[in-house]
Amino acid sequence: MSLTELTLAVLALLLTPGPTNSLVLLAGSERGWPGALRLVPAELSGYLVTVLPLAVMGATLFADHDALRTAVTLAAALWVAVLAVKLWQMPEVAGDGMSVGGSALFVTTALNPKALIFGLVLLPSPDRIAANLAIFTTLVVAVAIFWAGLGAALRKGGSGQPRAIPLLRRLASVWLAAISVVLIARGMGA
């Protein structure tokens, strides 16, 4: 795969709505763009903690241990389900107005099924792993900025908590629940 093909594949996968993007969108709508940007290091760290070891040695490990792939998939499904329930149960106005924190974003991203695709399929390349990781980290930051900006655009007048936040939380909760069900199905079928 050429660097251009890799860039387009990584970008397409990163832009796809999923657990991490849902949380960054919600953070942008709650905190505004500058506040959501403070969460970008948590997202990048979450991806790298999973992607880096997988890109270096994961394909061999998972090839020899099918149960490990299933366990990781089911752990991701469980975490996403927990997030869905937490978002659903949040009061209309959260105490601090924020439902997405750095630690939740980090864990969600580390367990994001996309990380498996990046680490096992798209990024491994013994001769250019550094270039692939540089492209990946740049695109993670750019896409996080995009989703945070999209969420911030949903804010009412740029200040305060918009009335749509409770609805966004519910929609994000339903979306995360659907992702969790798909992951459970994959994990059970793996």
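**S180 and its contacts.** I started at S180 and looked up its partners: setting aside neighbours within four places in sequence, S180 is in contact with A77, V80 and A81 (contact means heavy atoms within 4.5 Å). This is a predicted model, where local features need pLDDT of at least 70, side-chain atom pairs count only at pLDDT 80 or more, and totals for chains, interfaces and linings use all residues. Residues are numbered from 1 along each chain as its sequence is written, and side-chain values use heavy atoms, with hydrogens and water left out. I found S180 in helix α8 (helices are DSSP runs of H or I with at least four residues, strands are runs of E with at least two, numbered from the N terminus). S180 is buried, at a relative accessible area of 3% (buried is under 20%, exposed over 50%, partly exposed in between, with a 1.4 Å probe and protein chains only).

**A142.** Next I checked A142, which sits in helix α7 (residues 129–153). A142 is partly exposed, with a relative accessible area of 40%.

**Whole chain.** I counted eight helices and zero strands. Of the 190 residues, 45% are buried. Among contacts between residues at least 6 apart in sequence, 87% join residues at least 24 apart.

**Helix α1.** I followed α1 (residues 3–15) from end to end: its 13 residues reach 18 Å from first C-alpha to last, close to the 18 Å expected at 1.5 Å a residue (the expected span is 1.5 Å times one less than the number of residues). Which residues of α1 are buried? They are L6, V10, L13 and L14. They cover an arc of only 100° around the axis, which puts them on the same side of α1 (the arc is that of the directions from the helix axis to the C-beta atoms). On the other side, T4 and L8 are exposed. A handy reminder: an α-helix has 3.6 residues a turn, so residues three or four places apart point the same way.

**Lining by helix.** Last, I turned to the largest pocket, and noted that α4 (66–89), α6 (113–122) and α8 (165–189) each supply at least two residues of its lining (a pocket is an open set of points on a 1 Å grid over the protein atoms alone, where a 1.4 Å probe fits, with protein on both sides within 12 Å along at least five of seven lines; lining residues have an atom within 4 Å of a point).
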